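Welcome! Here is a short tour of one structure, taken a few places at a time. Please keep the view open as you read.

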Amino acid sequence: MAVKSNDSAAGEAVFAAVDLGATSGRVITGRVGPGKLELAEAHRFANTPVRLPDGLRWDVLALYQGMLDGLREVGRTGPVASIGVDTWAVDYGLLDGDGALLGLPFHYRDARNSGAAERLPDGCGVRELYAVSGLQHLPFNTVFQLLAHRTTAQWEAARTLLLMPDLLVHWLTGSVGAEITNASTTGLFDARSGDWSDALIGRLGLERALFPPLREPGAPAGTLLPHVAEYTGLPGGTPVTTVASHDTASAVAAVPATEADFAYISCGTWSLAGLELDGPVLSEESRAANFTNERGVDGTIRYLRNIMGMWLLEECRRVWERAGAPLGLGGLLADAAGSQPFAAVIDPDDASFLAPGDMPARIDAYLLRTGQTPPRTPGGYVRCVLESLALAHRRTLRRAAELAGRDPVRIHLVGGGSRNELLCQWTADASGLPVTAGPAEATALGNILLQARAHGLVDDLSGMRRLVAGTQDLRHYEPRGNRRDWDRAEDRIGLRHDQAAAGTGGATA
């Protein structure tokens, strides 16, 4: 039974969202009622990976402590109706037979994931994987991480696999489960049946017992353990509600769409660009184009591609700050706006940009090997990154529409990138479609709204989206400028791919 907030009798309730991204975590409260959706940040903390002798790991203990500290701040203001947890996808922890965590979870950017496809057994290649899971081929997909992990002593001792949000829910409640939107990113989930693929798991030589029962968003996930309630000051019996625990799934649930045919871009560390569909697209054309079919709320399919997003810009800023030149984002964007248009363009998904490191130097290397001149100023790098991202948004959404037989009339750009006016305007200019930007806190909003729906305060997915559209600050961008300039820049990207295929340099497809 839900623990009601002080205002529940008036048709309102307060919910707590634990929202962990690749660079930071936060705990946010949301007050939901008729025509009301208000957020307040309780606590924010860094998510800093740790490089150990055996690889790059997540400091999940620090993340858990940050989550507890945030819930403690929430507890100081009174009870909440429930708590929901979302994180990034694909990464996991292994538990032994006593339920103890076997080492810090690996980071998806760890080098062990290179050469992932070569680890697949005969008769179970990338085509066979896609025919079942419909998952975009990325070297860090859970399935490939597991193939690298299973040669270790940790693997021999493992009895349960929990994806990152499920691990944190387990520590809060003691319950064990696998939330379905995140499970669908593993490569071991059947896109048609909506269940674990026993056939794939068996063919890959993995143990079926490792994979816990699936949970749908809105399902109860247990109540706070006594020691958690004591530390946070929240009442014993405070429920934890399953949300769309893959952060992109929660963000898409909060897209403020009032039209049926819309495209979305959830823009943060990554740009996730795609469409919401009723069923998966598992054609060979879709596989070759590297589109993914991930589960959304209410059985929907998030048909999308991962694009290297604001990671490129943030890595550049880290390099400049370490060199003693801390540059504010506002000043960088102003310099970018005044820089020469289309002076240099990159493919954001080139493999050289995946790992942490000296991003300006990697951009220089890419540009030199593709016959372009590197920028001379930070503003020039920022313009190169943002124009290149706008082009990636354009070609990804156009190809998604072709493969799915859809004709979107608007792009909804949500997440932290929605605050970047240049990126929003240039995405509209490049695509020729109007862009609605916001909400920036789409993931937390989706998390909270799914809890509110489970508690009877919101009717359905459409109702959730109408509430977001009616209560959140949104900005609208109409296409402008000469689209032929974007066409010519797109042709240059196409040329780089052709050069790479011919072995003469260029981007890695």
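## Helices and numbering

Helices here are DSSP runs of H or I with at least four residues, strands are runs of E with at least two, and both are numbered from the N terminus. This is a predicted model, where local features need pLDDT of at least 70, side-chain atom pairs count only at pLDDT 80 or more, and totals for chains, interfaces and linings use all residues. Residues are numbered from 1 along each chain as its sequence is written, and side-chain values use heavy atoms, with hydrogens and water left out.

Let's begin with Val 132, which sits in helix α2 (residues 126-133).

Contact means heavy atoms within 4.5 Å. With neighbours within four places in sequence set aside, Val 132 is in contact with Phe 189, Asp 190, Ala 191, Ser 197 and Leu 200.

## Where α1 meets α5

Two packed helices are described by the angle between their axes and the distance between the axes. Axes are lines fitted to C-alpha atoms, for helices over the stretch in contact, and angles run from 0 to 180 degrees between N-to-C directions. Helix α1 (residues 60-75) and helix α5 (residues 164-173) have axes that come within 11 Å and cross at roughly 55°. That makes α1 oblique to α5; angles under 35 degrees count as roughly parallel, over 145 as roughly antiparallel, 65 to 115 as roughly perpendicular and the rest as oblique.

Which residues meet here, in α1 and in α5? From α1 come Val 60, Leu 61, Tyr 64, Met 67, Leu 68 and Leu 71, and from α5 come Met 164, Leu 167, Leu 168, Trp 171 and Leu 172.

## Where α11 meets α14

Helix α11 (residues 311-322) packs with helix α14 (residues 378-404) at an angle of about 165°, their axes 10 Å apart. The two helices α11 and α14 are therefore roughly antiparallel to each other. Leu 312, Leu 313 and Trp 320 of α11 make the contact with Pro 378, Tyr 381, Val 382 and Val 385 of α14.

## Arg 394 in α14

Arg 394 also has its place in helix α14. Is Arg 394 buried or exposed? Arg 394 counts as buried because its relative accessibility is 5%; buried means under 20% relative accessible area, exposed over 50%, and partly exposed in between (1.4 Å probe, protein chains only).

Beyond its neighbours within four places in sequence, Arg 394 is in contact with Ala 430, Ser 431, Arg 483, Trp 486, Asp 487 and Glu 490.
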